[in-house]
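Let's take a friendly tour of a protein model together. Please have a look at the sequence and the 3D view below before reading on.

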Amino acid sequence: MVSMSLDSYEDVVGQVVIAQLRKLAHQLAGARVVHVNSTREGGGVAEILSWLVPLMNDLGLDTSWEVIDGHAEYFHTTKSFHNGLQGSPAALTDHMIKVYEDTVSANAERLRPKLSKADFVIIHDPQPAFLIKCCPERKGRWVWRCHIDVSRPNHRIWRYLKELVSLYDASVYSMPHFARRLDHPQLIIAPSIDPLSDKNCELPQGYIDATLDRFGIDRRLPLLTQISRFDRFKDPLGVIRAFDILSGSLDAQLVLAGGGADDDPEGQAVLNEVQETARGREDIFILDLPPDAHRTINALQRASTVVIQKSLQEGFGLTVTEAMWKSKPVIGGNVGGIRLQVHNHHTGFLVDTPEGAALRLRELLRQPGKAGRMGRTAREFVTVNFLLTRHLREYLTLMLGLRHGLESHLLAG
Amino acid sequence: MVWKTEKVNMPFEVKDCTLITRMGGVQAAVSLRELREGVARCPLECLFHHFCETQLRPTFDDPEFSNDFAVWSAKHVRDRVLAEQLGVLNPYEFDNFEQLRAAVLEVIDDRLSEVGYHQFAPAGEDFRFMRAVTVVFDVGIQLCTPDDLVTRLPEFSTSSIYYHFVEARRRTETRLDDFSNWLVGFGAGTEPLLEALHGIDFYYLTLRELKDTLLEAICQPLMETAHG
């Protein structure tokens with residue numbers, strides 16, 4: 001977790017923004033807030049919580065972060081939820097439901113005292129969602145924070161989860177188009193990045209060069225990079241296909257770098273497939289990185305000529321935000337939150353196929369001036385819209401809103 | 001610099017606001033006809049959000065139109081005629097939001113009668129009716145004289161400018177901004193300043209542009225007063 005205070009961000013976002021957050025948080029001083037998710041490392045949610053929790057504490061809220069302790073069968077079930085909610089075929093048997101409910105119930109024994117007393121409980125994604133049924137004596141407001149696109153779910157899985165999430169006081173989505181209609185208030189908070197974290201801070205050129213050398217990447221050649229979990233929704237094979245189309249006409253290198261998350265049992269299988277496809281290729285680098293390789297990822301993004309995120313399904317796509325913060329044009333899949341960030345022909349390109357990705361890669365590699373302009377626009381866009389200060393402000397607004405029944409206009413204090 | 005005012009006045013308490021958007025509880029619209037149905041049924045808060053709170057929301061660039069209905073018509077339905085007709089509606093020129101709703105419906109009905117019912121947005125580009133929860137809070141700054149407004153305005157966040165200069169028109173009986181309502185209390189000496197504020201056409205400006213315009217507008221009368 002980061003230990004720095006909110007004041008550290010003043011140089012990035014300005015004093016007015018910091019002062020505004022402190023004034024707003026003053027209305028919530030001492031409020032007990034508990035976040036619950038299913039992994040402390042790996043994936044966007046854990047990354048968000050690693051700065052959100054300490055900064056909420058710095059603002060005077062009594063905030064903690066709890067993680068569901070599960071075993072392989074539980075994570076297989078929740079992965080099935082995850083895939084099914086994003087529209088993929090996914091099984092849900094009575095046995096799987098029992099495994100899920102038993103695991104969360106066992107965790108509830110440990111967490112119940114804290115959750116029952118909290119003023120605000122934020123449950124991230126479906127993995128811990130059953131906790132609400134285990135805590136009938138609730139003092140505070142419970143929010144289901146959904147980080148994935150549930151607009152077209154597998155109906156059997158949604159039918160089961162809908163019953164759970166309907167019990168919450170409100171649910172929060174990253175984009176309006178990710179939401180399913182429910183009877184409780186549904187709010188929107190886009191994710192964000194921490195500009196001072198290891199993954200996003202400025203790095204000395206020497207460190208970037210050393211990182212490339214460590215992996216045997218040629219510093220003289222253009223570098224195309226996709227950073228993401230080895231997950232079918234991220235379409236790593238489609239990226240290799242795009243690179244293959246391109247590589248006949250341009251000399252470049254491709255890096256596919258990522259790792260698994262504790263709650264993703266499919267990652268290894270996808271990684272094996274990708275490694276097999278790239279076997280024997282000297283211009284493709286498949287890097288299976290540990291979950292704490294943040295500075296390595298930062299260096300790879302900064303060394304890149306173009307960053308790719310050719311997802312087929314995507315929640316928000318924080319790797320896109322990270323690349324844009326580093327002034328890189330992004331070629332992104334025309335899905336989910338990528339569409340909120342990549343503005344076609346302005347901050348990068350949206351593509352639907354490997355052919356489309358190859359076309360745009362060629363365009364950006366042939367026209368470095370255009371790539372530079374897009375990168376600068378991208379950084380400006382992230383500075384205003386997708387840094388953690390905006391995210392934090394919306395969480396504070398949500399909690400103040402919940403205290404007052406989410407009326408349209410509230411006078412705090 | 002001391003303003004030649006006739007009176008003393010109550011201090012001006014500077015406030016700020018933040019918002020979080022929420023789903024409006026109305027079926028998303030895929031076609032122009034569905035947009036019409038949604039506009040007819042949605043809570044007034046949705047109209048307020050799509051017409052007025054757009055200034056507070058993050059956007060990529062200077063939008064071509066100031067309300068979401070016009071943006072959607074242009075970008076996704078690709079009907080620029082409709083977009084321009086909706087885009088010219090200024091919500092602050094209506095007495096209330098029911099009147100605005102009637103005006104929007106009239107524009108859409110006219111267009112439907114011209115082009116029929118065949119205008120659709122592509123899949124995934126449907127119009128989502130949204131509203132917002134706005135929290136207003138005290139900044140801890142008090143302005144005691146018109147001079148204070150001039151010196152402290154640079155410290156205002158853009159959302160504070162929105163609250164006092166834009167949103168105030170919906171909230172106050174005079175339908176003026178909060179600064180004007182307060183400055184009036186100082187008497188005739190502040191007339192040049194009031195005139196400058198009233199001359200600002202705020203609806204088509206981004207909040208950053210509005211803040212710059214305000215700063216410029218209040219500095220000019222200040223200079224004149226200093227030299228007069």
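In this predicted model, the sulfur of Cys42(B) is 4.6 Å from the closest cysteine sulfur, in Cys46(B), which is too far for a bond. A disulfide here is a pair of cysteine sulfur atoms within 2.5 Å.

Local features need pLDDT of at least 70, side-chain atom pairs count only at pLDDT 80 or more, totals for chains, interfaces and linings use all residues, and side-chain values use heavy atoms, leaving out hydrogens and water.

**Cysteines**

- Cys42(B) is buried, with 1% relative accessibility (buried means under 20% relative accessible area, exposed over 50%, partly exposed in between, with a 1.4 Å probe and protein chains only).
- Cys52(B) is in no disulfide either, and the nearest cysteine sulfur, in Cys17(B), is 12 Å away.
- Cys52(B) is buried too, at 0% relative accessibility.

**Chain B as a whole**

- Chain B has 10 helices and 2 strands (DSSP runs numbered from the N terminus: helices are H or I with at least four residues, strands E with at least two).
- Along the sequence, the pattern is β-α-α-α-α-α-β-α-α-α-α-α.
- The C-alpha atoms of chain B fill a box of roughly 65 × 30 × 30 Å along the principal axes.
- Chain B has 228 residues, and 55% of them count as buried.

**Two helix pairs in chain A**

- Helix H4 (residues 72-85) of chain A and helix H5 (residues 94-117) of chain A cross at roughly 115 degrees, and their axes come within 9 Å (axes are lines fitted to C-alpha atoms, for helices over the stretch in contact, and angles run from 0 to 180 degrees between N-to-C directions).
- H4(A) and H5(A) are therefore roughly perpendicular (65 to 115 degrees; under 35 is roughly parallel, over 145 roughly antiparallel, and the rest oblique).
- Among the residues that meet are Tyr74(A) and Phe81(A) in H4(A), and Met96(A) and Val99(A) in H5(A) (contact means heavy atoms within 4.5 Å).
- Helix H2 (residues 15-26) of chain A packs with helix H16 (residues 388-403) of chain A at about 20 degrees, their axes 10 Å apart.
- That makes H2(A) and H16(A) roughly parallel.

How values were computed: Residues are numbered from 1 along each chain as its sequence is written. Chains are lettered from A and ligands numbered from 1 in the order in which they are written.
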